[in-house]
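Please open the model in your viewer and keep the sequence panel beside it. The tour below moves from one selection to the next and says what is to be found at each stop.

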Amino acid sequence: MRIGELAAQLGINPKTIRFYEAAGLLPEPERTPAGYRIYAPADTERLTFIKTAQRLGLSLDDIRQILTFRDNGERPCGHVRHLLGRHAADIQRRITELEQLRDQLLDLEARAQHLADNDAAYCGIITHTPAARDQGHDLDRDGHQRPDGRSCCRHGDQRADEREK
C-alpha cells in the first residue's frame with residue numbers, strides 16, 4: 001500500500017508518516033522502482049500502536065523505547081506498566097495543580113466583587129494575588145499597589161486624598 005492509502009486508512013497526514021520514519025519510529029519502507037513508498041500490514045499495526053500510545057499521553061521517546069523492546073524480541077510489558085504508572089502520577093499531579101488553580105481563581109473572582117473598577121493600567125485583582133507579592137511588588141497595608149508603585153485602585157486614591165487634607 002502507498003503512503004496516501006495508508007494515511008487515509010489511519011486518518012493521518014502523509015507528512016506524519018514521513019515524520020515517524022525520520023524519527024526512527026517507523027522503519028524505512030520498501031520502495032517501488034519508481035521510488036514510491038510501499039507499506040506492509042505490519043506498518044499499519046505499528047502506526048496504529050504509535051497513535052494509540054500518543055493518545056494515552058506517552059511521549060515519542062517513550063514510544064521509541066517500547067518499540068525498541070519489541071524490535072529486539074523482548075516483551076515490553078514491564079516497561080510499559082512503569083511508563084503508564086509514571087504518566088498516571090504526572091496526570092494526578094497536574095489535576096491537583098489545576099484544582100488549586102481553580103480554587104485560587106474562584107477566590108480571586110469572589111474578592112474582585114469588592115474592588116472598585118477604575119482606569120488603572122492593571123486590574124487590581126491580578127496585582128493582589130500572592131504571585132504578584134512574590135514577585136516583589138510593593139503593596140500598601142491593604143495589598144493595593146501596581147508594579148510601578150502607584151496605587152492600583154480607588155482605595156489608594158482615597159487614602160492619598162485623605163492624607164492631603
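**First stop: a loop residue**

Select Thr32, which is partly exposed, since its relative accessible area is 24%. Thr32 sits in the loop that links strand E1 (30-31) to strand E2 (37-38). If you also display Arg2, which is 30 residues away along the chain, you will find the C-alpha atoms of Thr32 and Arg2 separated by 9.6 Å. Please bear in mind throughout that this is a predicted model.

**Stepping back to the whole chain**

Now show the whole protein chain as a cartoon, in which 8 helices and 2 strands can be picked out. Followed along the sequence, these elements come in the pattern α-α-β-β-α-α-α-α-α-α. Of the contacts in the protein chain between residues at least 6 apart in sequence, 41% join residues that are at least 24 apart.

**Helix H3 and its neighbours**

Select residues 41-55, which form helix H3; this helix has 15 residues and reaches 21 Å from its first C-alpha to its last, close to the 21 Å expected at 1.5 Å a residue. Which residues of H3 are buried? They are Asp43, Thr44, Arg46, Leu47, Ile50 and Ala53, and these buried residues pack against helix H1 (3-10), helix H2 (14-22) and helix H4 (60-71).

The crossing in which H1 passes H3 is right-handed. To view the contact itself, show the side chains of Leu6, Gln9 and Leu10 in H1, which meet Thr44, Leu47 and Thr48 in H3. The residues of this contact of H1 with H3 divide into 3 nonpolar, 3 polar and no charged.

**Helices H4 and H5**

Move on to H4 and helix H5 (residues 77-112), which pack at an angle of about 165° with their axes 10 Å apart. Angles over 145 degrees count as roughly antiparallel, and H4 and H5 are therefore roughly antiparallel to each other. Their crossing is left-handed. From H4, the contact uses Asp62, Gln65, Ile66 and Phe69, while H5 brings His79, Val80, Leu83 and Arg86. By class, the contact of H4 with H5 has 4 nonpolar, 2 polar and 2 charged residues.

The buried residues in H5 are His79, Leu83, His87 and Leu108.

**Last stop: the loop between H4 and H5**

Finish by selecting Pro76, which lies in the loop between H4 and H5. Is Pro76 buried or exposed? Because buried means under 20% relative accessible area, Pro76, at 17% relative accessibility, counts as buried. Leaving aside residues up to four places away in sequence, Pro76 touches Ile66 and Phe69. Pro76 and Ile66 are 10 residues apart in sequence, and their C-alpha atoms are 5.9 Å apart in space. Ile66 and Phe69 are also among the residues by which H4 makes its contact with H5.

Key:
Residues are numbered from 1 along each chain as its sequence is written. This is a predicted model: local features need pLDDT of at least 70, side-chain atom pairs count only at pLDDT 80 or more; totals for chains, interfaces and linings use all residues. Side-chain values use heavy atoms; hydrogens and water are left out. Helices (H or I, at least four residues) and strands (E, at least two) are DSSP runs, numbered from the N terminus. The expected span of a helix is 1.5 Å times one less than its number of residues. Buried means under 20% relative accessible area, exposed over 50%, partly exposed in between (1.4 Å probe, protein chains only). Contact means heavy atoms within 4.5 Å. Axes are lines fitted to C-alpha atoms, for helices over the stretch in contact, and angles run from 0 to 180 degrees between N-to-C directions. Angles under 35 degrees count as roughly parallel, over 145 as roughly antiparallel, 65 to 115 as roughly perpendicular and the rest as oblique. A crossing is left-handed if the near helix is turned anticlockwise from the far one by less than a right angle, and right-handed if clockwise. Ala, Val, Leu, Ile, Met, Phe, Trp, Tyr, Cys and Pro count as nonpolar, Asp, Glu, Lys and Arg as charged, and the others, Gly among them, as polar.
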